[in-house]
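Student: I have a two-chain model open and would like to learn how to read its contacts. Could you walk me through them?

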2 protein chains.
Amino acid sequence: MMYAAIMGYGTIGSGVAEILTECKDKITRSAGQEICLKYVLDLREFPDSPVADRIIHDFQVIESDPQIRLVVETMGGLNPACSFVKACLKAGKHVITSNKALVEAHGTELMEIARENKVNFLFEASVGGGIPIIRTLYRCLMGEEIQEITGILNGTTNFILTKMDQEGAAFEKALKEAQELGYAEQDPSADVEGHDTCRKIAILTAMATGREVHYEQIHTEGITRITDVDFQYARKMGMSIKLLGTARISGDKALAMVAPVMIGSENPLYGVRGVYNGILVKSQMLGETMYYGSGAGKLPTASAVVADLIEAVQQDKEPVSAGWRNEQQLMEESGKFRYRYFVRIEGAAAQKKEQIQKAFGDAETIVLEGTDEFALLTGEFFEEEFVKRAIGFDTESQKAGEDGIRQMIRVQVQ
Amino acid sequence: MMYAAIMGYGTIGSGVAEILTECKDKITRSAGQEICLKYVLDLREFPDSPVADRIIHDFQVIESDPQIRLVVETMGGLNPACSFVKACLKAGKHVITSNKALVEAHGTELMEIARENKVNFLFEASVGGGIPIIRTLYRCLMGEEIQEITGILNGTTNFILTKMDQEGAAFEKALKEAQELGYAEQDPSADVEGHDTCRKIAILTAMATGREVHYEQIHTEGITRITDVDFQYARKMGMSIKLLGTARISGDKALAMVAPVMIGSENPLYGVRGVYNGILVKSQMLGETMYYGSGAGKLPTASAVVADLIEAVQQDKEPVSAGWRNEQQLMEESGKFRYRYFVRIEGAAAQKKEQIQKAFGDAETIVLEGTDEFALLTGEFFEEEFVKRAIGFDTESQKAGEDGIRQMIRVQVQ
């Protein structure tokens, strides 16, 4: 028997308690011993919940109880989560967290403390909800040099983009529906501005390189500027638009970005729809593998926490080395990314032929009937090169008294 | 430093040797110590290979060398692979195999011997090539009750079906191309008759239930009877045809089948094309997850072997419990599967309306212009029920002096 405490009885914390009860036999068999939930720390009371008798309000109870070997942190936020987690690790307790902000901001320090105290610090649930992507990186691909990770890592934005794609909905309408269904927060900015995806790709990049990556280092664009017109063009080209977190690793350097990207049906991420997440990994020997599942939700996320709990029990004496070193990953400028570009321009293509050729070289032209514009699909450019060319084109247009580029969306190069 | 031997220097064995050399630093870091390849057992000489100085022809050298802690079995076949593996396990060596026939036929016994001798017996590469599906089942989903596993598990047949789907090719033409490209054997029966898929779904079912499953217990159909006409209908319905190995688990009972099945674009397996494999797992808490990658090929498969080698080193003192007990899994008759059915019938739908209604109830009718037939998409039936109804329909047709059902393909019920 090993005793556990849960800190934070919200959606995920209560899901963990539920699974520990409902799947007790299976968990005991897998872990090799029973996991017994002794405390649930929360500011609130839950008199009608199945854990009513285990609710406590004082963190000291957990910290000072030597019987507690396992602590689940599902409070969210950095404060007091960070100091509580540190105290637990220092007290020789294994810590499992679902808190991506904590892992992204303080992971390096917490991993060091865990190593010093010979305990497990596991965080599967912080990325990709129930998809076992963190464990895949440290358990399955550990002999591989990871070359690229590209993921649909946020269910809310993927739900919105799927609605826009399948139903031709405008962004605002799709967002409203996501809010009504409880998929999006009333303040949706963390999702739709790409910040949530950014924290997750930062964690995955750090896992892949073994070095610290911070989200401030990653160029991030959200989906608020994507319109139903963009999807009309995308459909015409047999493509879809997805919010992708991408990291490319080459030698000592990594390159990461969060942005909406057009992808074709040959891309395994094309079929990842609705609130699902998908993560495509390219590695040296194995080539492309993809991992797909519920990126959020009470039970899927709680299931990932429980898998970590089982592993912590199994590895009680030989803690797992899951994470990265206290060393900064060298990040390249996002201008080194290479894409094709989808560009929407006011006017008629025939009249701007020369100007387009000069700015972008050979490009495919796509026309949507009944509009006052056209679109280009350019060849491949480095981002920094493309930006120069786009500015050049806009300057020429202004000189001629015309509007220039209305929209630019990156297009995945296979 | 831990010493290893490879038995069988074929495609996969030589891939393992190559990765051990090329990725030495990463492997040493992950495993915590260097893995040094000491012997390569093969009947042949390889004077020009990088392992020329380590080639041996006598198994006794490996068995009796106490320095060898790790043995990779990539010989294939049951004899002498099985007796060699047994001897290694009994001599206290960890064994990694890529041999699905061995795991399916003798896995139970080999797992027992491994447990008795406190060594690892790992077999990631036996299913799904490089996709880490075995490890996902024992490392990531170990708290979950698995409810269903459905996989595209054979790259050769998926290549053939993809050709038929995308290019309208006939089966024979697509098979010939697969043979020319080296994806299909000259005798392709193990692939196209479904036997390879069957062995793999047997292993996955055993992993999911924790009990022994043999491939003879699984109803198996191949793809040789699938025609380009079937794909014409499928496309018209927005579907594709895939060779699926499926296992459903409910309580103490499991239900498994290998057969070509029509699936729609909402199914995550729909986008698994060419020689790729995909495995969809439904489990109690996590819901649907999918794992996608190269199902075969030298380096992807060898990469899975190397991941097992690293895990065996990491778990040298506490062997992993990956596998099943010496206990037979109760298997239900495949008649208990529930599908919708695609049925092709000679003649004109209008003239058989009554007869169809009597046999199959309400069904959608699909007509391909310029043919002497039509097709039905029936409602849901248990397989045993559908068979009765189909026989009834055929009997009526014969009485009327008409041909009956030309083709039947199961259709996935979501």
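Tutor: Happy to! Let's begin with strand pairing: two strands pair if DSSP finds at least two bridges between them. Keep in mind that this is a predicted model.

Student: Which strand of chain B pairs with β13(A), and in what sense?

Tutor: The partner is strand β13 (residues 287–294) of chain B, and the two run antiparallel, joined by five bridges. To see one of them, find A:T289, whose bridge partner in β13(B) is B:G293.

Student: How many residues of each chain are in contact across the chain A and chain B interface?

Tutor: Contact here means C-beta atoms within 7 Å. By that count, 37 residues of chain A meet 37 residues of chain B. On the chain A side, two or more residues come from each of α2 (24–31), α6 (133–140), β13 (287–294) and α12 (298–314). β13(A) gives the largest share, eight residues. By class, this side has 20 nonpolar, 10 polar and seven charged residues.

Student: Now inside one chain: into which domains is chain A divided?

Tutor: Domain 1 covers 2–130 + 299–326, domain 2 covers 139–294, and domain 3 covers 337–411. The C-alpha centres of domain 1 and domain 2 of chain A are 27 Å apart. Their contact draws 14 residues from domain 1 and 16 residues from domain 2.

Student: Which element supplies the largest share of the domain 1 side that touches domain 2 in chain A?

Tutor: That is α5(A), with five residues. Both α5 (100–116) and β14 (325–328) of chain A supply at least two residues there. This domain 1 side holds five nonpolar, six polar and three charged residues.

Terms used: Residues numbered from 1 in each chain as written. Chains lettered and ligands numbered in written order. Predicted model: local features only at pLDDT ≥ 70, side-chain atom pairs only at ≥ 80, totals over all residues. Domains from an automatic or database assignment. Contact = placed C-beta atoms within 7 Å. Helix = DSSP H or I, 4+ residues; strand = E, 2+ residues; numbered from the N terminus. Nonpolar A, V, L, I, M, F, W, Y, C, P; charged D, E, K, R; others polar.
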